[in-house]
Amino acid sequence: MIELRTPTQIEQMRPAGGFVASVITALSEAADVGVNLLELDQMVHQMIRERGAESCYIDYHPSFGASAFGKVLCTSVNDAVLHGLPHDYVLVDGDLLSVDFACAVDGWVADSALSVVVGTPRQEDLDLIATTGRALEAGVAQARPGNRLYDISAAIGEVAHAAGLSVNLQFGGHGVGRTMHGDPHVPNDGRAGRGFKLKPGLVIAIEPWFLHTTDEIYTDADGWTLRSADGSRGAHMEHTVAITADGPLVLTARD
Ligand code: MG
């Protein structure tokens, strides 16, 4: 079921968006050569405690998960692109790290993701991240009343195809509200002009993610981390966006 939020409720979602944005910024600053993924998880644990926020991940146990997630953020490195379970791994020069973080503040959830390279980047990784960022911007720009859901999908897919990337349709964006995942599913490709008409009050996570040379993924032995089928690297960028009468409001915008 698709739920619409009142303007007052969207205002109430701002603290969650702001906090998630501040965590993503802190992660992008802390991620560096020599840093262990478990240290990043601990840092965010601390930020959650200090803010009085509630993790969406730690007890998350969907049907496809082997057990409860047990960590407060996703850290996906190189050929891992989504749902990366933080583990005892020290980042090395040139690693491509995607962080994904969702939590609730005052009972409202926000969800955001960012990819960065630590140390000396490969140009192709910077290009992939830039393309993913452009796809996110293009999708957000379509999140306005009167457009249709797949206008967002088509805008994301267009950026991917122009860069020669193929798009996985299994995992994409989703409704956000009292919980992390709601309707609708927001695929990262589709035909413009299709899907239901976007209305003010719809709040969705828009989250393009692409791999260099494939759109196929498999689940790591840890039961969570999704890796590319061919070992190529991936990037993932996400914002929580409220559709308002004035257009898209990016709740997780960073300064
Ligand atoms: Mg997310």
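I count as donors the N, O and S atoms within 2.8 Å of the metal. The model I am reading is a predicted one.

**Magnesium site**

I looked up the protein donors of the magnesium ion. They are D100 (OD), D111 (OD) and E238 (OE). I then wrote down the sequence spacing of the donor residues, which is D-x10-D-x126-E. D100 sits in strand β4 (residues 96-105). E238 sits in the loop between β12 (234-236) and β13 (239-244). I note that this pair is 138 residues apart and links distant parts of the chain. Buried or exposed: which holds for D100 and E238? I find both D100 and E238 buried.

**Three-stranded sheet**

Next I traced an open sheet of three strands. Its order is β3-β11-β10, and the pairing is antiparallel. β3 (80-82) and β10 (217-219) are at the edges. Each has a single partner strand, so one side of each lacks a neighbour in the sheet. I noted an average twist of 45° from one strand to the next.

How many bridges join β10 and β11? I find three, in the antiparallel sense, with β11 spanning residues 226-228. I also looked up I217, and its bridge partner in β11 is S228.

**L169**

Last, I went to L169. It lies in the loop between α4 (149-162) and β6 (173-175). Leaving aside residues up to four places away in sequence, L169 touches H185, P187, N188 and D189. I also checked L169 against G190, which is 21 residues away along the chain. Their C-alpha atoms are separated by 8.9 Å.

Conventions: Residues numbered from 1 in each chain as written. Predicted model: local features only at pLDDT ≥ 70, side-chain atom pairs only at ≥ 80, totals over all residues. Heavy atoms only, no water. Pairing = 2+ DSSP bridges. Helix = DSSP H or I, 4+ residues; strand = E, 2+ residues; numbered from the N terminus. Axes fitted to C-alpha atoms, helices over the stretch in contact; angles between N-to-C directions. Donors = N, O, S within 2.8 Å, 3.2 Å for Na, K, Ca; no water. Buried < 20%, exposed > 50% of the residue type's maximum accessible area, 1.4 Å probe, protein only. Contact = heavy atoms within 4.5 Å.
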